[in-house]
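Let us take a friendly walk through a protein model. Please have a look at the chain below before reading on.

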Amino acid sequence: MYYALMTRIYSNLDKYNEAFDYIERWKKSIENVKENEITDFNRKYKCLSQVYKSKSCCYYNLKKKELALENINKSLEILPTDINALMPKIYILYSQRKFQEVIDLCDEVLKLSPENLAVYRSKANALYDMNYYSDAFDICDEMLEIDRYQIFPHICKARILIEVEEIDDAKEIIDFLQEEEVESESINLLKGLISYYEDDAETAKDILEKVIEKMEENEDTYVEFDEDAYLYYIKSTYKDKTPQEIIELANKGLEYDSKNTELMYYKAWYLAEDDKLDEAQSIYEELNIIDEGNSYANTQLGHIHREKKEYDKALEYYTKQIELEDDDEDYFPRIALNMKLYNLDSVYEDLKYLESVMPQSVRVYDNLGIYYSILDKNEEALKYYLKAKTIEDSNEENEVVYLNYRLATVYRKLGMYEEAIKCYEEDYADDEDEDTLFEIYNVYMDMGDFKRGEEQLKKYLKAINKSKFSVEYRYRMAMMLWQSGRLSEAKKYFSLIINCDDSQINRDKGRLYYYMNNLNRAILSIEKGLGINEVEVEVDEEEPDINAYMHAARIYNELDCKEEAIEYANTVLNLIPKDLDYKKDELPMNYKYAGDAYAILGDLDKAEEYLKKALNSPTCMYCNKRKCTDAIAGLIYLEILKENIDKAKEYLEEGKKIDPSDEDIIGFGEILGC
């Protein structure tokens, strides 16, 4: 008795090491008893059964459920019909979400104890969690036949009715309980759930907030379906909460039900939002075990592995999700990643399948448009984008974002500028996003309609409330004048921008000075911009400005400072991928930068090889030009280095036809006197 008492004391104090120590002493004291000293032989084994029950209880409190189950089973091997051991086993199995085993065990226990309401309750909960709502409802009715004054079966029935959206019937049960003057926070919880299901999130939030306050203020406040208070409070307020606040609420709910899959899902989702990818991954992996065949964990694990750049693993999880045959929409994450990886055969195969089973899906045709854009097959891309748009225009809500933007990009590549402008104007009419006005300005400049371009730019600057004295106004005007071929006027606007700490403005200012042969001022501006950019890269994880490094190399080359020029050229080579085919969506730019760098390093043949690869590759993803004018600018510079001025001028004319507003093409025109 002493060891049993000490075990209970230390267990109640949550001092489990000491409790386990006394359990072992207790067990040995029983095992050492000689049989002839026991008048009732079975008593020895009854005592051992109690030892295993106590040990199971300690493991259960430590959340070591498997060890808890192992020890309660040992207890039941000694006394198979011991209700005091069978009940803990039910609770352990329930905590492990082994609901069918719970139901089967409940049925066995009810044969031994036909009116055991605790067993009925466990069976009802297990049936509810398995979504067997009708069976759970019937069990509640059976409980009420045994004892009509219980609260749980009434609350459970109302909860089931809310879940199946029989709200009026649920309200009747609540009214009955209130008429009977039943006081329970469970009733308030039900009212909060009803408000949520009736799309009154504000009322739901207020009610659930009060329920949670009472639960947290007083540990004795008992609420049926207590985890639902936190779950539905999250559902009612998540738009107004930070990821950290959602995670905290989910953790509190999980204290009541550690395996609540919805709370686990919210926690994992917002951990990922908070860049805690490993923690999120762990929860989704657990969800795949405890909720096999769920409709979201594989996809989310795919997203996490994609974020970690573990692309093969991401594709593996996306494919697992597809193999569940839950929803054809599950193909889209795999398609998106395969597009990024340029696994275009796989993309095509998935899209053609979806086209056959989802012939009215905007997303399918939009993705087919993207697929053909990647291949630089712009007429085919246009065909599919237009199909997508036809369906989208007939829908009440937009299914995809940026469809008009992608359509406009293809129109621009095909030289269909007025159609592109219509797309942008349609977008602006819908959302009044000022950036759209800037895109319209860019189209006018692509067309060579510099007058309308200037008018549109001023309209954009007015829309974003930029005064004529602001840095951005002066910068935008300078760039517009440069793109219009008015370099002297552009220079005047740049001269009005003093002590600017914007890396791009300093870079562009330096580029203009370079083309106007003011090399000393050019390098000062470029290197100031690079200094700012290097801080941005280190502090804000911005991308390094490779273009600025390349222009610095050219300027030093013109200044005959070969050592500095070579250093900058090598920096460019170090900043681009070693495998130039790696970032296929940026192929022309990778080739172009490599070609530019080798030109400075004196390997003119290699420079020409890479620059021509850039020119003949499909344009970068979402580039709106039919050919890479940056590559053409690089070839112009290369021909100047080779003193082949006629060839340089040929490239210059080609570049002007593609984009008469390209700054580098215009700049080299200044150098060549064209």
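## About the model

This is a predicted model, in which local features need pLDDT of at least 70 and side-chain atom pairs count only at pLDDT 80 or more, while totals for chains, interfaces and linings use all residues. Residues are numbered from 1 along each chain as its sequence is written, and side-chain values use heavy atoms, with hydrogens and water left out.

## What the record says

An unreviewed UniProt entry places the feature "repeat: TPR" at several stretches, including residues 49–82 and 362–395. Such annotations may be inferred rather than shown by experiment. In the model, residues 49–82 are 79% helix and 0% strand, with end C-alpha atoms 9 Å apart. For residues 362–395 the figures are 88% helix and 0% strand, and the end C-alpha atoms lie 10 Å apart. Helices here are DSSP runs (H or I, at least four residues) and strands are runs of E (at least two), numbered from the N terminus.

The unreviewed UniProt entry also gives a "coiled-coil region" at residues 160–228. That stretch is 72% helix and 0% strand, and its end C-alpha atoms are 13 Å apart.

## Two helix pairs

Two packed helices are described by the angle between their axes and the distance between the axes. H4 (residues 65–78) packs on H5 (residues 83–95) at about 155°, with the axes 10 Å apart. H4 and H5 are therefore roughly antiparallel (an angle over 145 degrees, on a scale from 0 to 180 between N-to-C directions). Among the residues in contact (heavy atoms within 4.5 Å), Leu-69 and Ile-72 belong to H4, and Leu-86 and Ile-92 belong to H5.

H29 (residues 503–515) and H30 (residues 519–540) pack at about 160°, with their axes 7 Å apart. These two, H29 and H30, are therefore also roughly antiparallel to each other. Their contact includes Arg-507 and Tyr-513 from H29, and Ile-526 and Glu-536 from H30.

## Two loop residues with positive phi

Which residue sits in the loop between H5 and helix H6 (99–112)? Arg-97 is found there, and its phi is near 60°, a positive value in a residue other than glycine. Arg-97 is buried, with a relative accessible area of 18% (buried means under 20%, exposed over 50%, with a 1.4 Å probe and protein chains only).

Asp-560 lies in the loop between helix H31 (546–558) and helix H32 (562–575). Asp-560 has a positive phi of about 65° although it is not a glycine. Is Asp-560 buried or exposed? Asp-560 is exposed, at a relative accessible area of 56%.

Key:
Parallel < 35°, antiparallel > 145°, perpendicular 65-115°, else oblique.
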